[in-house]
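Dear colleague,

Please find the structure below, together with its sequence. My notes on what was found in it follow.

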Amino acid sequence: MTATTNLFRHVFDQYSWDDVAARIYASTTSDVERAMQKAGNGTPEDFMALISPAAERMLEPMAQLSHQLTLHRFGHVMQMYIPLYLSNECQNICTYCGFSLDNKIARITLNEEQLLKEVEVIKRYGYDHVLLVSGEANQSVGTDYFEKMIALIRPYFSNIMLEVQPLEQFEYERLINAGVNTVLVYQETYREENYRQYHPKGKKSNFNYRLQTPDRLGMAGVHRMGLGVLLGLEDWRVDSFYTALHLHYLEKHYWKTKYSISFPRLRPALGCQEPNHPITDRQLVQLICAYRIFNENAELSLSTRESPVFRNHAVKLGITSISAGSRTDPGGYAAKLQALEQFEIADNRSPAAVAEMLISNGYEPVWKDWDRVFAV
Ligand code: SF4
């Protein structure tokens, strides 16, 4: 058993939300310039300056630096990914999600036949890896179900990613053995005192269990993990600082694991709240550039929650992976199963159209996971 002092909770407890906010808002132009000089290799304190209002006024040089760092580390390559929703069953109430338990919608969990039909469409798009997504219903959609479904689709994909409920370390070990390469788990918000307002019912209301999930993943030896917060719930600057702090800690403790950061902005969905703290397009660009200038190795991922115009622009600023053709309802690719989508898609272009856009911007879309492509 690992002592708590070795876990992220210990680091997290050394910072208070209000102090972090005060320090971010007090950052000066000189702090931003100093942070930019550490290009690609900053500290969490440097990150505070990069996401400050002072840095918002320096967006042009930040964007240029972020672009250069990304080209230097990743080249003109953009990884394509696509989510495959296994189930919209969920035992949690989350105030921002269409799958929330209190929403009276048709609930669907794919069986083997339905899953293979989804796979057929995704393979036709050209994808060689897939992100499996589900709500949180441990009885019907737990580790046994995932293991069975992963075994079924493994012959079709060189890489399988997972975005499901937080699990125990031994469960992650089972799923990694079954073929999972990457696990995404977003904290939603690091503001502990407000976390329960957004997660009033279900296992997800346990802030601490979620906070320690990346530690369990690191101990399970996952190849790659993805972090992020739901931008719009709380002040994006403070929440993003804690994400960067988490990334910094994880890279030191689980140095064999690779990391990615996602930027989900709160999107409209049935019965869901509006953003309390909206983040503008310009601020989202600042955040993407800030992550790249802070950390040149992290993969930065942008989903179809964002509009075509925004995504066309953002791919040149630091993003290294992008989804395309996404459906957020189980069974949504092969047949409309009358399941409600988790959130509205803003970019409805086909995978081929997004690939065309990337090529016209000088990027090579990669449909296979690049770890495998470049590993030998
Ligand atoms: S965010 Fe996840 S856990 Fe919360 S209601 Fe939606 S699917 Fe369930």
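R216 sits over the face of Y209, 3.8 Å from the ring centre, and R73 lies over the face of F74 at 4.7 Å. A charge sits over a ring if NZ of Lys or CZ of Arg is within 6 Å of the ring centre and within 35 degrees of the ring normal.

This is a predicted model, in which local features need pLDDT of at least 70 and side-chain atom pairs count only at pLDDT 80 or more, while totals for chains, interfaces and linings use all residues. Residues are numbered from 1 along each chain as its sequence is written, and side-chain values use heavy atoms, with hydrogens and water left out.

There are 17 aromatic pairs, where rings of Phe, Tyr and Trp (its six-membered ring) pair if their centres lie within 6.5 Å; planes under 30 degrees apart count as stacked, over 60 as edge-to-face and the rest as tilted. The ring centres of F47 and F294 are 5.1 Å apart with planes at 55°, so this pair is tilted. Both F47 and F294 are buried (under 20% relative accessible area; exposed is over 50%, partly exposed in between; 1.4 Å probe, protein chains only).

For Y127 and W367, the centres are 5.0 Å apart and the planes at 75°, so the pair is edge-to-face. Y127 is buried at 0% relative accessible area, whereas W367 is partly exposed at 22%.

One aromatic cluster is formed by F8, F12, Y15, W17, Y190, Y195, F207, F241, Y242 and Y249.

Yours sincerely
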